[in-house]
There are 2 protein chains.
Amino acid sequence: MTGTSPRPEEGPVADAELALLLEVAATPTPGNVDRRRDLEDIRFEHMLAGAVGARPGLEAAANGASVGDAFERAVAGMARRAARNTQFGALLLLVPLVRAAGESRLDPAGVEAVVEATTVEDAVGFYAAFDHVAVGVGERPDEVEAPDVAAGADAEPALRAGDWTLSAVMADSAGVDDVAREWTTGFERTFAVAERIASGEGTVLDRAAEAFLEQLATHPDGHVAKRHDEATAERVRERAAMVREESGGPETFAADLVAAGINPGSTADVLAAGLFVALERGVSV
Amino acid sequence: MTGTSPRPEEGPVADAELALLLEVAATPTPGNVDRRRDLEDIRFEHMLAGAVGARPGLEAAANGASVGDAFERAVAGMARRAARNTQFGALLLLVPLVRAAGESRLDPAGVEAVVEATTVEDAVGFYAAFDHVAVGVGERPDEVEAPDVAAGADAEPALRAGDWTLSAVMADSAGVDDVAREWTTGFERTFAVAERIASGEGTVLDRAAEAFLEQLATHPDGHVAKRHDEATAERVRERAAMVREESGGPETFAADLVAAGINPGSTADVLAAGLFVALERGVSV
């Protein structure tokens, strides 16, 4: 973006929405909904509807609303439109990124500043978002100390009593949650994915699919680890590393993961966030 | 929608954007970009980008901007994002419909009132929209009397001299343009498509694809008639009528039309408009 008055269709809100749409269009993103595949409980059109529904929350973030409030609005709108959880993790990455972009500070330091500025109010908004939609969080790991997200808005007294800012809540889960880990590392994978997409060749959807597979081959997916176990996540990572070079390999891998009900959703969240940063940096379709 | 203060993610702007997304996701829509097919010069991601880019123009329409101004903004935003014409005709239907919805009058009488209230200013905006993007308009038919749209914004003096309101411009083309005909008939096909989608069974994308084929089987596509000729449009209509009942027929038909470079784009425009009305009336994904 250039100039002081960006056209609204070119600003961070539009980029965030388009990032969500390109993420689900990119194919194959093995184990996830994509242009060519539905999952049993989430179809392609649910993802489109979720992206449209999330927009007012993203607008709030771009306009300087608090991260927790903007996130809760984004999730509530997504859930009303899609009637299921389609992009909870992606929105948890996008909201601070959009907020940083709205302050013209979309770089690791800028988004770290957004993270560090979060308050207990933001944590309350984050917990309240869980009341809008069923989020697959798996069993509660022993090392997590923050109040249980299953409590939703009812966690407010415990959050206040423990002085849990949203950044503290994220840091607490960083060992077991890929999205939380982005929050504590200056969105390291997000910016790496953006760089890969910006510097790659071919269509933006092909570059996105390649970035997805690269991420899956190098980071065991946290969502798979929660829903299944760490061994399964590691097997998926190993196979992702193998199929990258095989002709037709990713397509077969995608079919196999869908059939097995294995959904590397955290990797899709990182892809959406990386696409957002790439669009903000001038990548176009 | 109910209540006096609809949630923004459930209002007409969001419905219009989701309608554009569902239109391109529905499959098969023979001869058009859909979830499973790209065209040579328009890929799926261009359609997603066009829908996102058009949004500020749709917001203007919902907020009571003049139809011509809102349309030009929608087209300009679409063109900047998609770098080609992706949804010109669909937006020419959606803008008056969104305007009517913004006034809580989304029915044939309400949109007719929007059409009748258009001025020469609106016509100037409509012509200016042609400067933003290459629109396939074919040869200029003898019966058309309004200034040539190829003039773009330069047509303004001629529009003023001839007192051409936008409704008059549309009426002038109604014999040769499917979108213009909707403007002069109370959006008859649009509301019929909405009714089919609202009353059908199966997923909303399947219902949309069925409504597309029904329209194609009953109305020779005006865009095909312009780009090729009326005989081609009639042959496409006849084949659409035949393949509806054949197992796999629509898929083969879709492959054949793409291979032949025959793009029933006007029928896709009507589908997008019908999806919008269906969403406004409570259809969800």
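Mentor: A salt bridge here is a side-chain nitrogen of Lys or Arg within 4 Å of a carboxyl oxygen of Asp or Glu.

Trainee: How many salt bridges are there over all chains?

Mentor: By this rule the count comes to 34. Keep in mind that this is a predicted model, where local features need pLDDT of at least 70, side-chain atom pairs count only at pLDDT 80 or more, and totals for chains, interfaces and linings use all residues. Residues are numbered from 1 along each chain as its sequence is written, chains are lettered from A and ligands numbered from 1 in the order written, and side-chain values use heavy atoms, with hydrogens and water left out.

Trainee: What pLDDT does chain A average?

Mentor: Chain A averages 95, and 98% of the residues score at least 70. pLDDT is the predictor's confidence in each residue, from 0 to 100. For the complex, the predictor gives an ipTM of 0.96 and a pTM of 0.96.

Trainee: What rotation superposes chain B on chain A?

Mentor: A rotation of 180°, with 0.0 Å of shift along its axis and an RMSD of 0.0 Å. The two copies are thus related as by a two-fold rotation axis.

Trainee: On to the interface. How many residues are in contact?

Mentor: 36 residues of chain B are in contact with 36 residues of chain A. Contact means heavy atoms within 4.5 Å. The copies meet through the same surface, because 100% of the interface residues of chain B are also interface residues in chain A.

Trainee: What area is buried there?

Mentor: About 3,100 Å², of which carbon and sulfur atoms give 58%. That is the accessible area (1.4 Å probe) that two parts lose on being put together, summed over both.

Trainee: And how many salt bridges between chain B and chain A?

Mentor: The count is 4. Between the chains, Asp15(B) and Arg81(A) meet in a salt bridge, at 2.6 Å from N to O.

Trainee: Now inside one chain. Which residue does Arg239(A) pair with?

Mentor: Asp256(A), with the closest N and O atoms 2.9 Å apart. The pair links distant parts of the chain, helix 13 (residues 230-243) and helix 14 (residues 249-260) of chain A, and the two residues are 17 apart. Helices (H or I, at least four residues) are DSSP runs, numbered from the N terminus.

Trainee: What about Arg37(B)?

Mentor: The side chain of Arg37(B) meets that of Glu251(B) in a salt bridge at 2.4 Å, N to O. Arg37(B) lies in the loop between helix 1 (12-25) and helix 2 (44-62) of chain B, and Glu251(B) lies in helix 14 of chain B, 214 residues apart.

Trainee: Buried or exposed, that Arg37(B)?

Mentor: Arg37(B) counts as buried because its relative accessibility is 12%. Buried means under 20% relative accessible area, exposed over 50%, partly exposed in between (1.4 Å probe, protein chains only). Glu251(B) is partly exposed, at 34%.

Trainee: How far apart are Arg55(B) and Glu59(B) in helix 2 of chain B?

Mentor: They are 4 residues apart, so about one helical turn separates them. Arg55(B) forms a salt bridge with Glu59(B), at 3.2 Å between the closest N and O atoms. In chain A, Glu17(A), Arg55(A) and Glu59(A) are linked in a network of salt bridges.

Trainee: Last one. How many residues of helix 15 of chain A are buried?

Mentor: 16 of its 16 residues. Just after helix 15, Gly282(A) takes a positive phi of about 110°.

Key
Copies are superposed by least squares on the C-alpha atoms of residues with pLDDT of at least 70 in both.
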